[in-house]
Amino acid sequence: MSLTFRLADTTLIARPSGALFWPEAGLLCVSDLHLGKSERMARRAGTLLPPYETRETLARLEAEVEATAARRVICLGDSFDDAASLDGLEEDDRLWLTRLIAGRDWIWIAGNHDAGPLDIAGTHRAEVPLGPLTFRHIAEAGAQGEVSGHYHPKARLAGKAWRCFLADRNRVILPAFGTYTGGLWCQDAAFAGLMQPGALAILAGGTVARAIPMPR
């Protein structure tokens, strides 16, 4: 079950997957896919992880596109774990991604991991103003109607860590959508200057998106 909330006079839906849907615009938004993370870590002689995260992330992304019938998709940056990760994707995974993009208005927003335009279909932007909302990778202090990612917020409930959206009257920060992504606790000082009193943490990752007061 998803959770509906309001931001800048728009109705948005936080989905249990960690994706955000704007029904009026037919727009699906995800953040921090970090595709190719296991390949990047192996390439840099780091910790070896099972190389299945790209396919799992793409499967969940495809399920969200189909469930929402999204006509437009915005990826809020750090879609690839670094600039070389796209080239490191297996051919089947790249074709899968290409099929998802086909026939849709697909926008890649630059992140700190994938700062430059990559050789893949879709539009590449630094940020996207759309109606009363602005989509960018990293939240900016004082922004209004802002949708961003970058921080991978997470919260704890009943002894379990959950990825979460952070939402207040000015902005929403999305959780990381990628399979192999860590997180930053809501109590971290990075959020103190961004989230207003009364902000909510909308927990994702299960079958229900549920809101709790943002832990401080």
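L20 touches F5, L12, I13, A14, L27, L28, C29, V147, F165, V172 and L174, leaving aside residues up to four places away in sequence; contact here means heavy atoms within 4.5 Å. The model is predicted, with local features needing pLDDT of at least 70 and side-chain atom pairs counting only at pLDDT 80 or more, while totals for chains, interfaces and linings use all residues. Residues are numbered from 1 along each chain as its sequence is written, and side-chain values use heavy atoms, without hydrogens and water.

The largest nonpolar core has 25 residues, and F5, L20, C29, I74, F135, V147 and V172 touch the most other members. A nonpolar core is a set of buried Ala, Val, Leu, Ile, Met, Phe, Trp, Tyr and Cys residues joined through side-chain atoms within 4.5 Å. Elements that give two or more residues to this core include β2 (10–14), β3 (20–22) and β12 (160–167). Its largest share, 3 residues, comes from β1. A second, separate core of 24 residues includes L28, V30, L58 and W96.

Helices (H or I, at least four residues) and strands (E, at least two) are DSSP runs, numbered from the N terminus. L118 lies in the loop between β6 (105–109) and β7 (123–125), and A63 is in helix α2 (residues 53–68). Buried means under 20% relative accessible area, exposed over 50%, and partly exposed in between (1.4 Å probe, protein chains only). L118 counts as buried because its relative accessibility is 16%; A63, at 39%, counts as partly exposed.

| Pair | Separation in sequence | C-alpha to C-alpha distance |
|---|---|---|
| L118 and W108 | 10 residues | 9.1 Å |
| A63 and S17 | 46 residues | 9.6 Å |
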